[in-house]
Amino acid sequence: MYSLVEIFESLQGEGRNMGRPCVFVRFAGCNLACPWCDTDTAKRFSLSRDDLLAEVRTFRAKSVILTGGEPTIQPSMPELVAALKGAGYWIGVETNGLVAPDWLASADYVACSPKAEVADRYLSDASAGLRHCDEVRIVASSEDAVVCFAQAIRGRIAATDYYISPCERDGQIDFATAKAVLARLNGWSLSVQLHKILGFR
């Protein structure tokens, strides 16, 4: 059984796949507790693999985003990914990158969002965590600490694209800090959460 928060259809709101119609499967639970996080990770219901696949099939989109919470800490994910692939779905995964299970290699796209607030958990163990993904997205929750963290993460996680995202606190999106961070980094781009700006899920 999979512990879930919600399953819904919308457009991908950030990163390289912005605007792509997707079914979002949000898993319950996370191995971090970021102070600015506004995502509900409390378990609301459980589904078997077959029931989860049946629910996904009720939507029109043929792309699925496995998100959270933190999907890499969920049990029985290889079986779910195999079932989704067998049904013809494109699979994206959104992860904080602290855990790097083998099944991630079966995904079509992996977006990693390392968190500067717990930088030591990413940088203290040279052999731990995700080392390759398609894109890295770091929230600009501060300037100096995030610049240093982004530089360290770029040397640790190989990706095609590297993004800085504005931090949102109490409904206010902090573009100024994101702009300041980007001015001090080379090879990074801005990724906004389009769904929050335009008011869709």
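Guide: Let's start at Phe-24, which is found in strand β2, residues 21-27. Strands and helices here are DSSP runs, numbered from the N terminus: a strand is E over at least two residues, a helix H or I over at least four. Before going further, a word on what you're looking at: this is a predicted model, so local features need pLDDT of at least 70 and side-chain atom pairs count only at pLDDT 80 or more, while totals for chains, interfaces and linings use all residues. Residues are numbered from 1 along each chain as its sequence is written, and side-chain values use heavy atoms, with hydrogens and water left out.

Back to Phe-24. Its relative accessibility is 7%, so Phe-24 counts as buried. Buried means under 20% relative accessible area, exposed means over 50%, and partly exposed is in between, with a 1.4 Å probe and protein chains only. What does Phe-24 touch, leaving out residues up to four places away in sequence? The list is Glu-6, Ile-7, Phe-8, Ser-10, Leu-11, Gln-12, Ile-65 and Thr-67. A contact here means heavy atoms within 4.5 Å. Cys-34, on the other hand, is 10 residues from Phe-24 in sequence and 21 Å from it in space, C-alpha to C-alpha.

Thr-177 gives another view, this time in helix α5, residues 175-183. Thr-177 is buried too, because its relative accessible area is 18%. Thr-177 and Ala-140 are 37 residues apart in sequence, but their C-alpha atoms are 6.3 Å apart in space. Ala-140 is also one of the residues Thr-177 touches, along with Ser-142 and Glu-143, again not counting residues up to four places away.

Now for the charged side chains. Side chains of opposite charge can pair when their charged atoms come close. The rule used here for a salt bridge is a side-chain nitrogen of Lys or Arg within 4 Å of a carboxyl oxygen of Asp or Glu, and by that rule the count comes to 9 salt bridges.

Take Glu-94 and Arg-137: they form a salt bridge, with the closest N and O atoms 3.3 Å apart. This pair links distant parts of the chain, with Glu-94 in strand β5 and Arg-137 in strand β7 (residues 135-140), 43 residues apart. Glu-94 has a relative accessible area of 15% and so is buried, and Arg-137 is buried because its value is 6%. The two also belong to one network, in which salt bridges that share partners join Glu-14, Glu-94, Glu-135 and Arg-137.

Lys-85 and Asp-108 make another salt bridge, at 2.9 Å from N to O. Here too distant parts of the chain are linked: Lys-85 is in helix α2 (residues 77-86), while Asp-108 is in the loop between β5 (90-95) and β6 (109-112), 23 residues away. Lys-85 has 33% relative accessibility, so it counts as partly exposed, and Asp-108 is partly exposed, also at 33%.

Then there's Asp-50 with Arg-49, whose side chains meet in a salt bridge at 3.6 Å, N to O. Asp-50 counts as exposed because its relative accessibility is 53%, whereas Arg-49 is partly exposed at 36%.

Most residues other than glycine have a negative phi, and most peptide bonds are trans. A cis peptide bond joins Gly-68 and Gly-69, with omega about 15 degrees, and Gly-69 lies in the loop between β4 (63-67) and α2. Ser-76 lies in the loop between β4 and α2 as well, and its phi is near 60 degrees, a positive value in a residue other than glycine. With a relative accessible area of 38%, Ser-76 is partly exposed.

Finally, step back to the whole chain. Its secondary structure comes to 6 helices and 10 strands. The radius of gyration is 16 Å, close to the 17 Å that the globule rule gives for 201 residues, so the chain is as compact as a globular protein of that length. That radius is taken over C-alpha atoms, and the rule is 2.2 Å times the number of residues to the power 0.38. The C-alpha atoms fill a box of roughly 45 × 40 × 30 Å along the principal axes. Of the 201 residues, 49% count as buried. Among contacts between residues at least 6 apart in sequence, 72% join residues at least 24 apart.
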